[in-house]
Amino acid sequence: MSLPRIAIDAMGGDHGVRTMIEGAALARRRHDRFQFLLVGDEDRIKRALDNHPNMRGASEILHAPEEVSGDEKPTQALRRARKTSMGLAIDAVKKGEAGAAVSAGNTGALMAMAKLSLRTMPGIDRPALAALMPTLGETDMVMLDLGANTDCDARNLVQFAIMGAAYSRIATGLAEPRVRLLNIGTEEIKGTETLRDASEKLRAADQRLALSFGGFIEADKINRGEVDVVVTDGFSGNIALKAVEGAARFVTDLLREAFQSSLRSKIGFLVSRPATELLKHHLDPNNHNGAVFLGLNGIVVKSHGSANAKGVANAVAVTARLLEEDLIERISADLARGTDTPAAGEAA
């Protein structure tokens, strides 16, 4: 059975049309149920499709005369939304012509267009950007918000926790994901008044929601496998994400230099290669690519701008799973379950 087709902003990302189409083709080779609406410059898309015969019967092209640049201000991009590949991909979701949209383009513009076109779900004040991150545990961890909202109140953080838990249940299969608030310490007296207020509200809602709230977590523990959902404001979340990505690149580069430093090191590399390849796979951001804007009346997934074809394919796979598991319905059900709690609209 085919899934609802996925609209691909073919013009987004650092590597352009060929990588976006190659990624979609790779995803379809893994799962032949995928159908696509490819949005962008028709001639360039057709040329890219020449190398991927498996896409011909599974794709339709929607021509877009313009594209959103990486440094364009969201307000400028909004004015051109109806002419750009990004705007038309999101509009296809709004019209029901696609079940979801994927873009590797300008994050701010994507957020602004998606929020304006699709609107937020009832019971959600602000959408949040959530992504999967690797851990030492058996499953990945969901972290949000990663940059959509720099300033958040306690009510926002509670809503993020509900949405993040719903996403985690899809991604991990856990019935009650462990949820923590990112803070400078784990003691209840630590952090801002907003964080302490959000903690109290989540403890009150814990018994009514499909999650297990355990208070605060510090940044050095988020990848230990001790938590399934980390909740924070977009400012702190984006900094934490970039710090983790930078640390991963640092470790990878350090190992590469160490193994190339001498003949003995090169021999050591050959002996330890299976372990280093596993480490490389675990730290490769392309293997965890695909952040989703939670809280919208539609599914919009952000692929990393520098993602290669494998990364784009993973973003497409994330999108398909969210469609398959009906993410929006799950979030709605969780909000309804917490009707009498702050998570469902009680003033903070």
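Predicted model: local features only at pLDDT ≥ 70, side-chain atom pairs only at ≥ 80, totals over all residues.
Axes are lines fitted to C-alpha atoms, for helices over the stretch in contact, and angles run from 0 to 180 degrees between N-to-C directions. Two packed helices are described by the angle between their axes and the distance between the axes. Residues are numbered from 1 along each chain as its sequence is written, and side-chain values use heavy atoms, with hydrogens and water left out.

The protein has 11 helices and 11 strands. These elements are DSSP runs numbered from the N terminus (helices: H or I, at least four residues; strands: E, at least two). Of the 348 residues in the protein, 50% are buried. Buried means under 20% relative accessible area, exposed means over 50%, and partly exposed lies in between (1.4 Å probe, protein chains only). Contact is defined as heavy atoms within 4.5 Å. Among contacts between residues at least 6 apart in sequence, 71% join residues at least 24 apart.

Helix H1 (residues 16-30) packs with helix H10 (residues 309-324) at an angle of about 55°, and their axes are 7 Å apart. The two helices are therefore oblique to each other. Angles under 35 degrees count as roughly parallel, over 145 as roughly antiparallel, 65 to 115 as roughly perpendicular and the rest as oblique. The crossing of H1 and H10 is right-handed. A crossing has this hand if the near helix is turned clockwise from the far one by less than a right angle, and is left-handed if anticlockwise. On the H1 side, the contact includes Thr19, Met20, Leu26 and Arg30. H10 contributes Ala309, Lys310, Val312, Ala313, Asn314 and Val316. By class, this contact has 8 nonpolar, 3 polar and 3 charged residues. Here Ala, Val, Leu, Ile, Met, Phe, Trp, Tyr, Cys and Pro count as nonpolar, Asp, Glu, Lys and Arg as charged, and the others, Gly among them, as polar.

A nonpolar core is a set of buried Ala, Val, Leu, Ile, Met, Phe, Trp, Tyr and Cys residues joined through side-chain atoms within 4.5 Å. The largest one has 68 residues. Phe36, Leu144, Tyr167, Leu181, Val231, Leu294 and Leu322 have the most contacts inside it. H6 supplies the largest share of this core, 11 residues. Another core, of 38 residues, lies apart from it and includes Val68, Ala109, Met133 and Leu296.

Beyond its neighbours within four places in sequence, Tyr167 is in contact with residues including Ala130, Val142, Leu294 and Leu322. Phe160 is placed in helix H6. Phe160 is buried, with a relative accessible area of 0%. Residues up to four places away in sequence aside, Phe160 touches Leu144, Cys152 and Val231, among others. Ala171 is also found in H6 (residues 154-172). Ala171 counts as partly exposed, at 22% relative accessibility. Its contacts, leaving aside neighbours within four places in sequence, are Leu132 and Arg321. Ala171 and Glu325 are 154 residues apart in sequence and 9.6 Å apart in space, C-alpha to C-alpha.

Helix H4 (residues 85-95) is mostly covered, with 8 of its 11 residues buried. Among them are Met86, Leu88, Ile90 and Val93. The buried residues of H4 pack against several elements, including strand E1 (6-9), strand E4 (100-103) and helix H5 (107-118). Just after H4, Gly96 takes a positive phi of about 80°.
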